[in-house]
Each structure stands twice: as C-alpha cells, then as structure tokens.
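Welcome! Take a moment to look over the sequence and the 3D view, and then we can walk through them together.

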Amino acid sequence: MSGPSPQGHNWSQKSDDEEDPLDQMILRTGCATFHYAVQECMAEHQDWRKCQRQVQAFKDCMKEHQKQRMEELQKRQKLAQVKS
C-alpha cells in the first residue's frame with residue numbers, strides 16, 4: 001500500500017467554529033475532563049506510556065458511563081414491555 005488513503009479523515013477542512021463530533025460525544029459522557037488530561041499529557045510527553053494514569057482515569061469514566069447507559073436502556077425496554 002503506498003501513500004495515504006484518499007478516503008481517510010481530513011480534519012484540516014473543519015472550520016474553527018465547527019465542533020468536532022468526537023469532542024461532542026465525549027462531552028455528553030461527562031468524561032471530557034479526563035479526555036483533556038490525556039491530551040495534555042500526550043502533548044507534554046509525546047509518549048502514551050507516560051500517560052497511563054490519565055488514560056486509565058478516562059477509561060474508568062467511560063466504562064462507568066457505558067454501564068449507566070446500559071442500565072437506562074434496560075429500564076426503557078422493561079417499561080416498553082410492561083406497556084404492551
């Protein structure tokens with residue numbers, strides 16, 4: 001395979017006032033602070049191995065968010081079954 005894929009993401013075409021969809025998603029999880037800590041650590045150290053504490057905190061936050069989301073979906077499914 002030679003050269004970059006023409007179907008890859010082209011983040012440089014995004015306007016300054018346009019929100020990044022990934023940032024929007026992370027903001028909705030409540031884990032943005034942990035995500036930004038990972039980004040800051042990576043910018044400072046340029047080595048993900050030195051940022052394991054921040055990565056683990058972000059991972060734990062996302063795991064908790066996913067657990068809460070799954071519980072909410074299960075509650076909604078049970079309510080839908082009771083109503084029908």
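Predicted model: local features only at pLDDT ≥ 70, side-chain atom pairs only at ≥ 80, totals over all residues.

## How two helices meet

Which residues bring the two together? From helix 1 come Asp-23, Ile-26 and Leu-27, and they meet Ala-32, His-35 and Tyr-36 of helix 2.

## The ends of helix 1

Helix 1 covers residues 21–29, and Asp-20 caps its N-terminal end. A side-chain oxygen of Asp-20 sits 2.9 Å from the backbone nitrogen of Leu-22. Just after helix 1 comes Gly-30, with a positive phi of about 85 degrees.

Helix 3 has 32 residues, which at 1.5 Å a residue should span 46 Å; its end C-alpha atoms are 46 Å apart, so the two values agree.

Gln-54, Phe-58, Cys-61 and Met-62 are the buried residues of helix 3. These buried residues pack against helix 1 and helix 2. Looking beyond its neighbours up to four places away in sequence, Met-62 touches Met-25, Thr-29 and Cys-31.

## The nonpolar core

The largest nonpolar core has 7 residues: Ile-26, Cys-31, Ala-32, Val-38, Phe-58, Cys-61 and Met-62. Helix 2 (32–45) and helix 3 (52–83) are the elements that give two or more residues to this core. Helix 3 gives the most, with 3 residues.

Notes: Residues numbered from 1 in each chain as written. Heavy atoms only, no water. Core = buried A, V, L, I, M, F, W, Y, C linked by side-chain atoms within 4.5 Å. Buried < 20%, exposed > 50% of the residue type's maximum accessible area, 1.4 Å probe, protein only. Helix = DSSP H or I, 4+ residues; strand = E, 2+ residues; numbered from the N terminus. Contact = heavy atoms within 4.5 Å. Polar contact = N/O pair within 3.5 Å; in protein donor to acceptor, adjacent residues only side chain to side chain. Expected span 1.5 Å × (residues − 1).
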